[in-house]
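Let us take a walk through a protein model together.

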Amino acid sequence: MNSKFYITSPIYYVNDIPHIGHAYTTIIVDTLARFARLQGKEVYCLTGTDEHGQKIEQSAKKNGKNPKEYVDEIAQKFKHLWDEFGINYNHFIRTTDDYHIATTQAAFLKMFEKGDIYKGKYEGNYCVSCESFFTKFQLINEKYCPDCGKEIVPLEEESYFFKLSAYEQKLLQFYEEHPNFILPKFRRNEVINFVKAGLEDLSITRTTFDWGIQLPKALIDKDSKNTQHVMYVWLDALINYLSALGFCNCLENKMDFWAADYHIVGKDILRFHAIYWPAFLMSLDLPLPHHIAAHGWWTKEGKKMSKSIGNVVSPKEIVDSYGLDSFRYFVLREVPFGQDGDFSQKALIERINSDLSNDLGNLLNRLLGMSAKYFNNCLKVDFTNFAEHYSLEIAQMDKTLKSLENYMDEVQIHRYLEEIWTLFSLGNGIIAKKEPWRLVKEGRNEEVAELLVFIANLLIKSALCLSPCMPKSAESILSVFELEVESHNYQRFVGKGELLTQIQCKAIPALFPKVEQSAKEQVKANIEILNPIAKEDFQNIEIKIGTILSAEELPKSEKLLKLQVDLGEARVRQILAGIKAYYTPQSLIGKQVCVLANLKPAKLMGELSEGMILVAKDSRGLTLIAPQNIKENGSPVS
């Protein structure tokens, strides 16, 4: 086992204050870092802020400040929130830090001297909001960004270019040799397809704005016009993963932590991390990261979060209302990693009341109540008898515990938590089955003591495994048994499977009191109908049954598949569906689906779409809506 572990969050762009998406990413990073520490690894955890670029310059001007004043203020808000949330990072980097600037300039010069950077002229399409370049074939309707939908800006200026095209085959070979490089695995093909479509050399400097890192002094001395150039924000930003380790700067050299075990990113910046970053590292003759793990986006009650409609979720407000560990549990458990998730207060309260209060909290309370009532908080049993009587349950517990590490390695934290919760179900189920209160009345106290000792061991092992996700709650549970969250105890109870047969229990306050909705909120929840329509409105909708005759991936699209669908009409319709993350083209051929047939045709990424495939989506994923039995194509749905 590698004793060193390096994990990073993306550095967050400081054009606005932290929101739930930032918190989600950082909590995932913190969870993986805590798990590595639990395993006994030496961990280096990095987070920070990305502070250069045209968008920052514009935001600062809009707020009546110079760029440095503006980024100082916003960066502090990020750092303060992560400190308040107990994020156990080792270093908080800012791209305006002097040592980072030195590293970025040194890296630029190394790539230039290797021949991978050259000066030319850039003519193309640039999205200021995404800080990204796009070919005309990628644009929507030849003028809108395919990622954010905003209008692009045509650019024509002198620029330095990175020879990205020279690394096309090397990247494809690397992806082939490292199938787990991109997580979750269903995102791998979209990256490979993007590269196979052909990589253009990347413009990596700008001359139309000033807020960025200047070129290395050697290049400025060579040509005074180079003082007009500042580095492309994504080159600047990605280099942070090296500068924090002291690469070519004045910091203590910690490059023995490289290569990174995990870069945790949002799916919107996967391309930069899975294509540009490996190419830069190849140019620098440095090893590539082991994993790039991309999560999905959060919506609120089915709608994309937006300041303009006022539905952005403040993570601090949620934590202040419901507690930090409850929030951590919700975001980690609610959504399969890599898929989009929906935040609702109702769903959060249900998780707290059901999973945390009923399952975990209730199990702990039952142990504490019965150990105090029947045994004065002192439990003691014969090991041989205990191990024999609970051999099946102990084997089931050990099997579950051994499965957990693999889920964490694949960043499937929701599955990791689901498995831990099977242990709480096991414990509660045994209590219900054996009815210890009845056994006490029958004088079978030894059996009750064995039952409670099993529950105590189950809670000790589960709490240690739960600690990366819910650190404070795990500490509280272990304090009942006068134990602490530490690597030694993890190896002892989880790794080696040690069982305690003499246990002193200490009472603690209830961990997860139930959250009650007010009567007003309950009535509102029962009667509120969002976006109500009349029956006549529904009658204007034409939904028909159709059969998918063929399906193929749409080049350079992360979401869309191109389908040919027979609706029983004179000709087959072409429909674009955003289901690429959930279905392969081959799996769709011959399937019957429900189609919104009178939707106005639209062009998406240059292709005509003549309808909409209906789907259902929840925390477990996305499913096509289809008839239970085969129907004639064109059959109406009413």
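A residue is called exposed when its relative accessible area is over 50%, and buried when that area is under 20%. Keep those two words in mind as you look at this structure, which is a predicted model.

Start with helix H15, which runs through residues 391-409. How far apart are its end C-alpha atoms? They are 29 Å apart, and this agrees with the 27 Å that 19 residues should span at 1.5 Å a residue.

Now ask which residues of H15 are buried. They are Glu 393, Ile 394, Met 397, Thr 400, Leu 401, Leu 404, Tyr 407 and Met 408. If you look down the axis of H15, these buried residues fall within an arc of 135°, so they line one face of the helix. Leu 392, Lys 399 and Lys 402 sit on the other side of H15 and are exposed.

What covers the buried residues of H15? The cover includes helices H1 (20-38), H14 (383-389), H16 (413-434), H18 (445-466) and H20 (487-495), along with strand E12 (262-266). After H15 comes Val 411, which has a positive phi, near 55°.

Let us turn to the cysteines. The whole structure was searched for disulfides, and zero were found. A disulfide needs two cysteine sulfur atoms within 2.5 Å. For Cys 465, the closest cysteine sulfur is in Cys 469, 9.5 Å away, so it is too far for a bond. Cys 465 is buried, with a relative accessible area of 1%. The sulfur of Cys 505 is likewise too far for a bond, because the closest cysteine sulfur, in Cys 378, is 8.7 Å away. Cys 505 is buried too, at 5% relative accessibility.

Note on methods:
Residues are numbered from 1 along each chain as its sequence is written. This is a predicted model: local features need pLDDT of at least 70, side-chain atom pairs count only at pLDDT 80 or more; totals for chains, interfaces and linings use all residues. Side-chain values use heavy atoms; hydrogens and water are left out. Helices (H or I, at least four residues) and strands (E, at least two) are DSSP runs, numbered from the N terminus. The expected span of a helix is 1.5 Å times one less than its number of residues. Buried means under 20% relative accessible area, exposed over 50%, partly exposed in between (1.4 Å probe, protein chains only). The arc is that of the directions from the helix axis to the C-beta atoms. Contact means heavy atoms within 4.5 Å.
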